[in-house]
Amino acid sequence: MKLSGREDRRTLQRYLKPSKESTHQRLDEIDAQRGTWTPSAEELAARMATH
């Protein structure tokens, strides 16, 4: 719900059709607000492969 900006779960379910690009864009916006960064799926997979 935080990613979509929706406050009602039912509304979220009705309109949710996430794309990879829009999800990454929204995560980048949230990271910028928090001053942090979320690794991509590829970065996470690479980290898991090295440990």
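Reader: Thanks. Where do Arg-26 and Glu-29 lie, and how many residues apart?
Author: Both are in helix α2, 3 residues apart, about one turn of the helix. Helices here are DSSP runs of H or I with at least four residues, numbered from the N terminus. This is a predicted model, where local features need pLDDT of at least 70, side-chain atom pairs count only at pLDDT 80 or more, and totals for chains, interfaces and linings use all residues. Residues are numbered from 1 along each chain as its sequence is written, and side-chain values use heavy atoms, with hydrogens and water left out.

Reader: What does Arg-26 form with Glu-29?
Author: A salt bridge, with the closest N and O atoms 3.1 Å apart. The term means a side-chain nitrogen of Lys or Arg within 4 Å of a carboxyl oxygen of Asp or Glu.

Reader: How many salt bridges does the structure hold?
Author: It holds 2. Asp-31 and Arg-34 also meet in one, at 3.0 Å from N to O. These two residues are likewise in helix α2, 3 residues apart.

Reader: Is Asp-31 buried or exposed?
Author: Asp-31 is buried, at 5% relative accessibility, whereas Arg-34 is exposed, at 52%. Buried means under 20% relative accessible area, exposed over 50%, and partly exposed in between, using a 1.4 Å probe and protein chains only.

Reader: New topic: which residue comes just after α2?
Author: Gly-35, which takes a positive phi of about 75 degrees.
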